[in-house]
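Please open the model in your viewer and keep the selection panel at hand.

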Amino acid sequence: KPEGVCNLPCAVLRSNMCVTETSSLVHESCSSNGIRRENNIISGGFFRNVSRVAAFLFFLVCAVVVVVVVVLPSVSGRRSAILIMSDNHSETWYHSWEMHLLQTSKLDVLGHVQQHTLISNPDERKLNDLLYFNHSAAYQELKTSEKSSAQDFYHYQEGWEAQVTQSYCAVATSAAALNSLRGKIDLPQDEIYIPYRWATQNALLLNEQVKQHIFNVQKTKRLYVGLGLSMAASLLNYNLNGQGYMAEAHSVDPTTFEKDETIKMIKKALLDDKMRVVINYDRGGIGQGPYGHGHFSPLGAYNEELDAFLVMDVAKYKYPPVWVPSAKVFNAISTLDTCANFTYTDRLPDFKTESFLSIEKELGCQEAHRGFIIIKPDS
């Protein structure tokens with residue numbers, strides 16, 4: 001084409017811009033009189049690309065600001081149920097004695113369970129030992145027990161979860177009991193399950209009365225010592241407040257409580273579909289002493305022929321549900337808890353360097369007997 005004159009079709013089609021055939025690095029801009037002006041395409045393209053990058057960065061910064069200011073606070077609120085329980089390394093220190101037993105004595109929880117699976121004397125239909133739910137015979141006993149006395153086992157399938165740390169047994173037991181009453185009470189609302197109501201362990205602790213009178217989980221993030229009997233009853237009552245239900249604690253002092261009367265009281269509650277029973281017991285009393293002592297769990301059934309209660313252990317990482325002879329249950333719930341009532345401090349103890357005796361003193365521990373809690377209508 002003639003030098004100094006733009007190719008007209010190119011100029012028309014490309015809005016007065018055309019690229020020469022000799023180099024892609026030069027473009028021609030045509031003036032109104034058709035005279036060619038050469039410009040370096042790298043320079044023009046560079047500035048156009050810079051403007052695009054700048055615009056992209058501007059919108060990216062705006063998006064980040066929206067996420068930080070608007071989205072993250074909402075997400076963090078919904079995740080609070082998980083986050084405030086995630087830092088639980090002190091639990092390892094508190095229960096280091098269990099690790100010591102496992103390492104030095106080579107104790108095997110599963111082996112211990114496997115040794116207690118058969119009825120000691122099938123002819124007498126009495127249970128003298130423990131019968132765990134890792135054996136088909138244990139399930140069969142649900143069918144042979146009275147229908148009404150085994151119904152709570154099925155109610156607990158509404159929400160019977162493992163305790164989230166080794167000191168949350170009372171909280172997990174309380175959550176299971178509340179979930180088993182679904183339809184009879186309004187369950188707490190955990191933000192992570194909105195709009196569905198579900199009694200999570202965290203939701204129970206976030207109750208305003210619980211934070212004010214028992215433990216403020218938002219300050220120290222987790223329970224570092226498990227609740228005592230009356231404290232667990234208060235936890236339940238604060239979450240049952242105004243719903244027509246109450247939790248009644250019975251501390252079992254063996255000098256004042258008769259075994260037969262105690263068992264009768266528990267059986268009566270299990271027979272009532274509107275009631276639930278949870279126990280505070282020493283594992284040693286039922287034959288599980290090497291693997292923990294003070295503990296909470298719901299009762300799911302009573303078998304008249306075996307004269308045994310079904311303990312639905314919330315420490316699922318240790319034990320499955322187990323049929324326990326009533327005599328052993330009474331022995332376990334009539335033990336002394338050296339730190340049954342106390343006041344949590346905002347300071348998180350260092351279980352690596354501090355003795356439990358010094359921690360008990362700081363908490364102001366008061367001893368009391370363990371026992372059981374009946375959850376029932378308050379009228």
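What percentage of the 379 residues in the protein is buried? Buried residues make up 43%, where buried means under 20% relative accessible area, exposed over 50%, and partly exposed in between (1.4 Å probe, protein chains only). This is a predicted model, in which local features need pLDDT of at least 70 and side-chain atom pairs count only at pLDDT 80 or more, while totals for chains, interfaces and linings use all residues. Residues are numbered from 1 along each chain as its sequence is written, and side-chain values use heavy atoms, with hydrogens and water left out.

**Whole chain.** Display the protein as a cartoon. It contains 16 helices and 12 strands; these are DSSP runs (helices H or I, at least four residues; strands E, at least two), numbered from the N terminus.

**Disulfide.** Select Cys 339 and Cys 365, which a disulfide joins with an S to S distance of 1.9 Å. The criterion is a pair of cysteine sulfur atoms within 2.5 Å, and by this rule the count comes to 1 disulfide. The pair links distant parts of the chain, 26 residues apart: Cys 339 belongs to strand β10 (residues 336-341), and Cys 365 to the loop between α16 (356-363) and β11 (366-369). The angle about the S-S bond is -55°, and the link is left-handed. Cys 339 counts as buried at 7% relative accessibility, whereas Cys 365, at 21%, counts as partly exposed.

**Aromatic rings.** Next select Phe 342 and Tyr 344, both of which are buried. Their ring centres are 4.8 Å apart and their planes stand at 75°, so the pair is edge-to-face. Rings of Phe, Tyr and Trp (its six-membered ring) pair if their centres lie within 6.5 Å; planes under 30 degrees apart count as stacked, over 60 as edge-to-face and the rest as tilted. The count by this rule is 7 aromatic pairs. Then select Phe 133, Tyr 139, Phe 153 and Tyr 154, which form one aromatic cluster.

**Charge over a ring.** Select Lys 316 and Trp 160: the charged end of Lys 316 sits over the ring of Trp 160, 3.8 Å from its centre. The rule requires NZ of Lys or CZ of Arg within 6 Å of the ring centre and within 35 degrees of the ring normal.

**Backbone.** Most residues other than glycine have a negative phi, and most peptide bonds are trans. Select Ile 194 and Pro 195, joined by a cis peptide bond with omega about 10°. Pro 195 is found in the loop between α8 (169-180) and α9 (201-205). Finally, select Asp 307, whose phi is positive, near 55°. Asp 307 lies in the loop between β7 (294-303) and β8 (308-311) and is partly exposed, with a relative accessible area of 25%.
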